[in-house]
Amino acid sequence: MRKGIVQSPTINHIQLVKKENVADTLADQVQESALKYFRIDPGKTKSGKIFTIVQPVSEHYIRDFAYQSLQDTIIHDVYINRLYQSDQYQSYLLIAKLPGLTDDEGISAQKAFIDLLNPQDVPDTQWIFTQDIFYFEQALTESQLQQLAEELLGNPLVNHFEYGSFNGTVQYTPDVRLHTSDDVQSIDVNVPNEQLQQLSRDLLLALDLKEMQAIKNHFANQETIRARKDRGLSAMPTDCELEVLAQTWSEHCKHKEFNALITYTDRHSGEVKTIDSLFKTYIKRSTDMISKRLEKAGQHWLLKVFSDNAGVVRINQDKVFIWKVETHNSPSALDPYGGALTGIVGVNRDPLGTGIGGGKLLFNTDVLCFGPPDYQKTLLPGQLHPRRIMSGVIKGIEDGGNKSGIPTVNGSVVFDDRFAGKPLVFCGTGAVMPARYNGRNSWDKIIDPGDRIIMAGGRVGKDGIHGATFSSLEIGDHSPRSAVQIGSPITQKNMSDFMERAAAANWIKSSTDNGAGGLSSSIGELARIPGGAVVELDRVPLKYAGLKPWEIFVSESQERMTLVIDPHYADELFELAGEFEVELSDIGYFTDEGFLQVLYDQKTIAWLDLDFLHDGVPKKQLTAEWQKPQLSEPKLPEITDYNDILMRLLGRFNIRSREDIIRRYDHEVKGKTIIKPLMGRHGYAPQDAAVMRIDFDSHEGLLISNGIKPRIGDIDPYQMSANAFDEAVRSIISVGGRLPDLENGHDLFWTVNDNFCVPDSVYHPQNNPDGKIKLAKLVQMNEALYDMATFFNIPMTSGKDSMKNDFIRGGTKISVPPTILYSMVAQTNDYRQTVTAEFKASGDLIYVVGQTYNELGASEFYQLFEALGAHAPRVRPQEALRVYTKMMRAHTDNLLASSHDISDGGLAVALAEALFGGQFGADIKLHETRLPGYAQLFSESPSRFVVSVTPQKQQAFEAVFGEDCHKIGRLTQEPRLKLSLGDQPLIDIQVDQLLNAWRAGLEV
Amino acid sequence: MTDGVRALVVTGYGINCEEEMAAAYRMAGAEAKIVHLNEIFSGQYRLQDYQILNFPGGFSFGDDLGAAKVLSNKIKYKKTVRGHYLIDEIGKFISDGNYILGVCNGFQALVKMGILPNIGKNFDQEATITFNNSGRFEDRWVTCGVNPQSESSFLNDLKLLELPVRHGEGKLLFKNEDIARSVVQNHLNTLSYVDEQGKPTPHYPQNPNGSQLNCAGLVDESGQIFGLMPHPEAFLSLYNHPNWGWLKRHQTEPDEEGQGLQIFKNIVQAVAQSEYFVQP
């Protein structure tokens, strides 16, 4: 230990700037982007990083720290308490974090300080902060600088800015200074209806009148009054109690609309039906039915569904697979980077906190829906441009995945104007956990009275307070600033490393994550198992002083898990945590008394009956009314230039290469990724399902896919959902997956996460006049889910619904199209038997597998003509099953040289994509059929593939497929795509030209 | 004959390629132990019980302060429980004839600690690894050519290697021209990014970051220390290669081994044959 480090009471600044002879890549990028996106020419640009140390430290230690810990002598010049200034630069821009937001780089600098100087008596809160500074050659105007600050380099919800002409000093420090007020108020809910509603609005509770009345009635109940009086509690609920109820009863946590009683009227047939909970009627019932069938067939891989943070299925005797996909839409609309980052590190914690916990995180998958990057409409106040949302979200996923060492192996991006208000950001994580810890099933959550409640990981601040209730509201003018937060992948990586070890040592009894609703939600949920819990909030470590007790309880500060431990193992657990530099706090214990009790300084500030907390929320009643849209097929102009059509299709945002995004994600860390998103000679060829191996000493693998088709819903919401389901299934079949088989059981699991993202579907005569139709669409999407799942015996194991995807400003509303994403994982015994999508060699024969129909509604081809059409592609389950069964046989018999599913853009696009993997061309001859040529080429009928077969296997292949395969040509050495219909040549173009059109880039 | 060869694989703080690296050593016939860096500081594990010290890839401390900066600071400035600096224990480990491998973040750490290229023999920092010319992280496969004049057991019998790079900060810069010249003169630039003709190239994307000398990997003069930006532990199986579908089809002799594994086999072999190695 060194003494005397803490001395002079000044704030110290250390600045690093690049030496003149070293490239300043960051500054160059800023200069380029300013010009490109904002037509602002800042001239030569220079960047700098400022470290602000708010602890008093004597000058000579500051120098040691600056020169030894911070400076890279080869590239940095160092300035101490005198910032870089030069006449060369006329203007500047400083970007700092707002108080309380994650500043990982400051924390890392602080760790480096401690490693170097080993100081005594420094506080355990943050006292080194970072700020970025940019110097511009040109004297940019205030408004130009403001635009660069707010639209390119920062976000007013996250950052503090200073700009203008630099005077050499920085005043701002982002340390949080709050006046502590740990008062607990009781709130009078014995008031008339209008005041109840006002209360809900004022406190951002997001509860409706019936829910507020339920609370009022509970506290007016004689038993409640007596019990509270006996305990010396206020008759009226405390602020903490109201907040806990609001969190627990939020749409996010209780899925009130998915559990509502729905009256559904079909306006065409006049039929009226009642649906008591979409979740129970379609989602849970389909899985229950499949589960029974599987059990009857002697297959026991479906282990845990819906009841934990993630579903669990069995890989083999020793291992189970856990996974979860969910959304983080609203935060991503406000702060795309932080929203997506917390989305991905947040969903990591679901498999990590399933059952006992401590599973090894194996992969991420992300599906994103944005407005188009060239969106031209005027932006509403607070609405970010789609390009900016996209680049922020992608950076967030990049950091969230890469810095956690989890490969992002698969995904999809969909563009549509209606995602320009709220993007959809689906994040998923799969993990592998030992099947047993110390003889216990790892997926069971066992908690006994007396077990300790341990909070692990990050500290608690004001971050994300009201996140759960906020996500249940549309984005409006009063969206709370505290809903924005930034994750810290490094904090979580340390924690997940620690949990894996601790679980393996049998020191963890159960665990769960702290997500929406924070501790109130995680402990409130866990408390149901033993029947009660006591929490001591003053034992929760804080990022900074000054939080109210209820804020501590509902804060959604990231990177925290709640662990349940037998007190017997506390010492070992705390010691291991010390080694991994993970902070643990013992904050209470479980009981069987039936109450969630919260203490602060030994005073009870909340005491809630668990039954009321979890089951007291009144059931919603909603109305749905179906009326078909009035649609017609377009009158297409005569198509003369198919080369041009194909080039334009390949360049469409929904089809063009995602390489700009894919390469920013590490998709092969862990060394287990077998089919990556892009494969082939130059890594250009897009693939269907991702394939991962599970271990280095076996050949077992996972096949991972997604299906999403929002546009079809404009014609037929049932088919939209069915097509999305089919897309996910056929991607897995394409690479070599096997459907569940009840007769000749192969015991290979399938597991699905369903994610519904819909606009507000609750009817309101003024605010949401078409609410009934929207709800009818949601019902139909669920019907398709049920039909498809039970037909193929592919079960939902977990999922999520996001119900208010609307962006409202000043009377204008941008609503997402009702969307469902199916994310699937299937097991394979041998990843070496999988097949990639790109063609392999000239001379191979090319086939279309499956039947093509004239159903181009919602196709990319029709969209070239700005038409929607009336005939949506239909999933024909029997036909799909027949084709898939043949594909499975072809895989088993090793008959396929390549297989690529036919999706957006139809056959023509699939052919082009499969050609991008090598250096050859294709000679294609389509037969004249009843279908018009454009339908053969561009129809997006589901359940189809383009496959290639070596000539030696032609006979065997055709014998398997019969009428379900159509030989269309062969691969040639000449790198051209030549395609004719009967005698009529339609396409003749170099593959390189197609490739260039397709690789037009997304500029993220 | 490789019995008793022991590889220590460091993890913690956001290092994340430790498992595949340990798997690589096991496939190569060695024992591998994954150890949190703090377990070395606390004395639970000792370098002297191993012959190969490995710094795998990852994002130690989230790349804050520059990739591997905080990690290398810790090794240079933080004392172990026995009161030594870890960097001194590493110096002893090297002079005892042992080997060190650093990949990606591990290579960045070796360079920032001055362990590579270490021309001055005093662990002064002589180079750095900083932001790619593209300014962004990228995952892509590159071809690396082995400097035929380099002497390092790690690269025995290897001429061209296809491996993935996965980094945002992979551009190697030398402190000055003298250092760069010494590196070339002593053939320490053992691995270069090459074009389709196998020639070192400054052109993107074959050269993914714009490194000085087109350098993808360095050895020290003893040949005992090897660091590289590409990931050999990510190519242990043919099925890691992005073009495995084609390779499998056109391969005359089916070989499911990935090229990256050869580096680990080489070094395990070298240890087993080393004069210092005492088989247990």
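In the predicted model described here, Ala68(B) counts as buried because it has 30 C-beta neighbours inside 10 Å; a residue is termed buried if 20 or more other C-beta atoms lie within 10 Å of its own, exposed if 12 or fewer, and partly exposed in between, with C-beta atoms placed from the backbone. Because the model is predicted, local features need pLDDT of at least 70 and side-chain atom pairs count only at pLDDT 80 or more, whereas totals for chains, interfaces and linings use all residues. Residues are numbered from 1 along each chain as its sequence is written, and chains are lettered from A and ligands numbered from 1 in the order in which they are written.

Phi of Ala68(B) is near 65 degrees, a positive value in a residue other than glycine. Ala68(B) belongs to the loop between S3 and H3 of chain B, where helices (H or I, at least four residues) and strands (E, at least two) are DSSP runs numbered from the N terminus. Leu65(B) is found in the loop between strand S3 (52–55) and H3 of chain B. Leu65(B) is not a glycine either, yet has a positive phi of about 65 degrees. With 24 C-beta neighbours inside 10 Å, Leu65(B) counts as buried. Most residues other than glycine have a negative phi, and most peptide bonds are trans. In chain B, a cis peptide bond links Leu116(B) to Pro117(B), with omega about -10 degrees, and Pro117(B) lies in the loop between helix H5 (105–112) and S5. The bond from Tyr204(B) to Pro205(B) is also cis, with omega near 0 degrees; Pro205(B) is located in the loop between strand S9 (191–193) and strand S10 (215–219) of chain B.

Chain B contributes 52 residues in contact with 53 residues of chain A, contact meaning that the C-beta atoms of two residues, placed from the backbone, lie within 7 Å. On the side of chain B that touches chain A, the largest share, five residues, comes from H3(B). The residues of this side comprise 19 nonpolar, 18 polar and 15 charged. Here Ala, Val, Leu, Ile, Met, Phe, Trp, Tyr, Cys and Pro count as nonpolar, Asp, Glu, Lys and Arg as charged, and the others, Gly among them, as polar.

In chain A, eight of the nine residues of strand S2 (residues 45–53) are buried, so the strand is largely enclosed by the rest of the structure. Strand S1 (residues 12–18) of chain A pairs with S2(A) in the antiparallel sense over six bridges, two strands being paired if DSSP finds at least two bridges between them. Asn12(A) stands opposite Ile53(A) in S2(A). S2(A) is also joined by nine bridges to strand S5 (residues 128–136) of chain A, and the two run antiparallel. Within S5(A), Gln131(A) is the bridge partner of Ile50(A).

Seven strands of chain A form an open sheet in the order S18-S20-S17-S21-S19-S22-S23, with mixed pairing. Strand S18 (510–513) and strand S23 (603–609) of chain A are the edge strands, each pairing on one side only. Strand S17 (residues 452–457) and strand S20 (residues 560–565) of chain A run antiparallel and are joined by six bridges; Gly457(A) stands opposite Arg560(A) in S20(A).

The domain assignment of chain A gives domain 1 (12–164) and domain 2 (835–1004), with bounds taken from an automatic or database domain assignment. The centres of these two domains, taken over C-alpha atoms, are separated by 52 Å.
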